Amino acid sequence: MSNPSPLYGDPVEFAATRHRIVINLSGGKDGLVAGTIAMDAARQAGVDDRVWTAHASLGPMEWPSVTVDGVRWPSASELAAQHSQALGVPPERHIEVRRSREVDGERVPFDLLTFIAERGDWPWLGRARTCTGPWKTKMVYQAFTPQVRALRRETDGPLMFANVLGMRAEERPDRRNREVWRRTTDNSARVVDEWLPAHQVTTEEVWDRTISAGLPYHWCYDSYPGAKDRRGSSRCSCSACTLANHRDLLLTAGRRPRLAELCALVERVRQVPFNPNITMSELIALSRRRDAPDPGLEVEETEDFERMERDVHAALRKPPTWDSKARTGPGELLHSAAGCDGCS
């Protein structure tokens with residue numbers, strides 16, 4: 001359970017003060033456990049009818065669904081909706097948002113990798129985290145704006161929101177010192193306090209809670225869909241995260257070779273490595289070695305991915321919109337750029 005905070009002394013007391021408790025679900029294991037803890041607190045406070053769930057979809061960058069031996073294993077987005085139902089949240093209180101933009105008078109999906117290709121820079125730790133705020137937090141906030149407007153007519157003062165995230169101290173050093181509760185928005189319309197209910201929960205405890213409760217988890221965590229061994233990827237949601245560990249990235253290169261090649265193309269053309277310690281081109285090569293982790297399967301990409309692939313190629317034919325300080329200059333990253341079909 002979450003530790004007490006100087007801001008709020010108890011999860012149940014905190015839940016009782018909220019007009020809305022928004023549980024962010026990525027389809028991964030941590031958000032589900034954080035959601036379970038938050039929902040328990042909301043039920044004890046008698047405000048579980050104020051709980052909503054939200055999934056900020058990254059489209060083709062998320063782990064997709066796969067069909068193996070006639071069995072279909074859901075995508076991250078589909079699993080987020082299943083997690084919401086497992087928490088006891090009615091379907092009408094689950095929101096999925098995805099970034100889009102207007103092209104020739106029509107709203108079309110705007111994908112994270114297309115944005116990276118246009119910008120010419122990757123979201124690394126310690127730099128601008130362009131993959132989080134604009135693609136997740138901002139989208140969820142916008143989705144709840146109509147509710148804020150409606151509820152404000154019935155409420156004196158700003159609305160009190162809880163933004164529940166699955167971040168845990170064990171994941172990374174930058175998350176270890178993160179506060180369980182912290183205020184992220186404070187204006188006349190709404191006050192938003194970020195809440196990390198599973199901050200002190202270990203990975204072992206996450207899996208114990210998930211398995212003992214019979215909760216569904218994503219196929220990417222296993223060595224093979226249905227293996228139930230948790231020997232696959234350690235993280236879910238974005239399948240090509242620049243912050244993922246080495247083994248996870250090798251599995252991505254083996255399981256989603258077309259996505260890996262597309263990332264490698266972006267780094268070669270833009271002359272910015274996928275990761276400050278290793279390039280995607282190197283990861284692809286390492287994933288083909290005998291000592292590489294067995295991917296278990298190769299994903300068959302969808303039409304949505306192929307549309308993103310076309311958008312990325314189109315973006316790479318134009319100059320980058322951002323002058324990245326991480327550019328390597330002409331050299332190693334450009335050797336295979338000829339595969340761009342006209343990209344300069």
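In this predicted model, helix α9 (residues 257–270) packs with helix α10 (residues 280–287) at an angle of about 145°, their axes lying 8 Å apart; the axes are lines fitted to C-alpha atoms, for helices over the stretch in contact, and angles run from 0 to 180 degrees between N-to-C directions. Helices (H or I, at least four residues) and strands (E, at least two) are DSSP runs numbered from the N terminus, and contact is taken as heavy atoms within 4.5 Å. On the α9 side the residues involved are A260, E261, C263, A264, E267 and R268, which meet M280, S281 and I284 of α10. By class, this contact of α9 with α10 comprises five nonpolar, one polar and three charged residues, where Ala, Val, Leu, Ile, Met, Phe, Trp, Tyr, Cys and Pro count as nonpolar, Asp, Glu, Lys and Arg as charged, and the others, Gly among them, as polar.

Residues are numbered from 1 along each chain as its sequence is written. The model being a predicted one, local features need pLDDT of at least 70 and side-chain atom pairs count only at pLDDT 80 or more, whereas totals for chains, interfaces and linings use all residues, and side-chain values use heavy atoms, with hydrogens and water left out.

Six strands form an open sheet of mixed pairing, in the order β5-β2-β1-β8-β10-β9; two strands pair if DSSP finds at least two bridges between them. From one strand to the next the twist averages 25°. The pairing of β9 with strand β10 (residues 190–195) is antiparallel and extends over five bridges, with D193 of β10 as the bridge partner of R183. Helix α2 (residues 29–45) packs on the sheet, where it touches β1 (20–24), β2 (51–57), β8 (159–164) and β10, and its direction makes about 160° with that of β1. Helix α3 (residues 76–86) lies across β2 and β5 and runs at about 175° to β2.

Within strand β2, A54 is buried, with a relative accessible area of 2%; buried means under 20% relative accessible area, exposed over 50% and partly exposed in between (1.4 Å probe, protein chains only). When residues up to four places away in sequence are not counted, A54 touches V22, I23, N24, L25, H94, I95, V140 and F144. A54 and P295 are separated by 241 residues in sequence and by 30 Å in space, C-alpha to C-alpha.

In helix α7 (203–212), V206, W207 and T210 are buried. Seen down the axis of α7, these buried residues fall within an arc of 90°, so they line one face of the helix; the arc is that of the directions from the helix axis to the C-beta atoms. The buried residues of α7 pack against α2, whereas the face turned away from the buried side carries the exposed residues E204 and S212. Just after α7, G214 takes a positive phi of about 65°.

Several loop residues complete the description. S75, in the loop between β4 and α3, counts as buried at 13% relative accessibility and touches W63, P64, S65 and H218, residues up to four places away in sequence not being counted. Most residues other than glycine have a negative phi. Phi of D69, however, is near 50°, a positive value, and D69 lies in the loop between β3 (66–68) and β4 (71–73), where it counts as exposed at 74% relative accessibility. For R230, phi is likewise positive, near 50°; R230 lies in the loop between α7 and α8 (246–255) and is partly exposed, with a relative accessible area of 33%.
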